[in-house]
Every structure is written in structure tokens, then in C-alpha cells.
Amino acid sequence: MYSKKLLGGQMDFFEASAKLERIELLARIATIDCANLKDRTVALVWISEMAEEMQDVVRNEIKNPQSGGLSGGRGFQ
């Protein structure tokens, strides 16, 4: 199940999970007291870039659902 590809093989569930874990880690780094302004800025920029990539994946999946996707596939019969 975790090897199911999204968007014709561009990102699978494992890759998406790893990207979300990186976003979570960077968010924690950006909020710790000992992080300086440069570290926080870099972390927030990376979060923004990764979130934008994930949004693109979701938008494309909504526009072009795979079989059984958000609006594609077959319903109950």
C-alpha cells in the first residue's frame, strides 16, 4: 500500500510521509529558544518550500485523480 504512487509516480506515500516529518522537525527547530534568527529564517523558508510542493501534489491529484482518487474511481455498486 505504501508504494502506491501519486501523480504517475512523482511522489509515493513514503516520500510524502518523510517530507511531512521534515516539515515537523524544521517547525520545532524554528520555535526553540536557542535558535538564532538565521536558523529560524532558514527553517521557515524550507517549511514554505516543502509545503508548497505538497500543495502542488494535492492540487494535481484533485485535478487528475487516479483510479479511486478523491473524485475518481468507482463508487459503491
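A: One term comes before the rest: pLDDT is the predictor's confidence in each residue, on a scale from 0 to 100. The model is predicted, so local features need pLDDT of at least 70 and side-chain atom pairs count only at pLDDT 80 or more, while totals for chains, interfaces and linings use all residues. Residues are numbered from 1 along each chain as its sequence is written, and side-chain values use heavy atoms, with hydrogens and water left out.

Q: Where does pLDDT stay under 50?
A: Over residues 70-75. For that stretch the model has nine contacts beyond four places in sequence, where contact means heavy atoms within 4.5 Å. Where pLDDT is low, the predicted coordinates should not be read in detail.

Q: What's the mean pLDDT of the protein chain?
A: The mean is 77, and 70% of the residues reach 70 or more. Confidence is lowest in strand β1 (residues 5-6), with a mean of 50, and highest in α2, at 89.

Q: What secondary structure does the chain have?
A: Two helices and two strands. Along the sequence the pattern reads β-β-α-α. Helices (H or I, at least four residues) and strands (E, at least two) are DSSP runs, numbered from the N terminus.

Q: How much of the chain is buried?
A: Of the 77 residues, 22% are buried. Buried means under 20% relative accessible area, exposed means over 50%, and partly exposed is in between (1.4 Å probe, protein chains only).

Q: And which residues make up the largest nonpolar core?
A: Six residues: Ile23, Leu26, Ala30, Ala43, Ile47 and Met50. The elements giving two or more residues to this core are α1 and α2 (37-63). A nonpolar core is a set of buried Ala, Val, Leu, Ile, Met, Phe, Trp, Tyr and Cys residues joined through side-chain atoms within 4.5 Å. In soluble globular proteins, nonpolar side chains tend to be buried together.

Q: Let's take Ile23. What does Ile23 touch?
A: Leaving out residues up to four places away in sequence, Ile23 touches Ile47, Met50 and Ala51. Ile23 is in helix α1 and counts as buried, at 16% relative accessibility. The C-alpha atoms of Ile23 and Met50 are 7.1 Å apart, although the two residues are 27 apart along the chain.

Q: What about Ala43, which residues does that touch?
A: Ala43 touches Leu26 and Ala30, again not counting residues up to four places away in sequence.

Q: Where is Met54, and is it buried or exposed?
A: Met54 is in helix α2. Met54 counts as buried, because its relative accessibility is 14%.

Q: Switching topic. How many salt bridges are there in the whole structure?
A: Two. A salt bridge is a side-chain nitrogen of Lys or Arg within 4 Å of a carboxyl oxygen of Asp or Glu. Side chains of opposite charge can pair when their charged atoms come close.

Q: Which side chains meet at 2.2 Å?
A: Those of Lys19 and Glu53, N to O. Lys19 lies in helix α1 and Glu53 in helix α2, so the pair ties together parts that are 34 residues apart in sequence. Lys19 counts as buried, at 10% relative accessibility, whereas Glu53 is partly exposed, at 38%.

Q: What does Arg59 form a salt bridge with?
A: With Asp56, where the closest N and O atoms are 3.4 Å apart. Arg59 and Asp56 are three residues apart in helix α2, so about one helical turn separates them. Arg59 is partly exposed, at 44% relative accessibility, and Asp56 is partly exposed too, at 35%.

Q: Now the surface. Which residues make the nonpolar patch of about 260 Å²?
A: Val42, Val45 and Trp46. Patches are made of residues with over 30% relative accessible area and no salt bridge: like charges are joined within 9 Å, nonpolar side chains (Val, Leu, Ile, Met, Phe, Trp, Tyr) within 5 Å. Trp46 lies in helix α2 and is partly exposed, with a relative accessible area of 45%.

Q: What does the accessible surface of the chain come to?
A: About 6,100 Å², of which 57% belongs to carbon and sulfur atoms. Accessible areas come from the Shrake-Rupley method with a 1.4 Å probe; for residues, only the protein chains shown count as cover.
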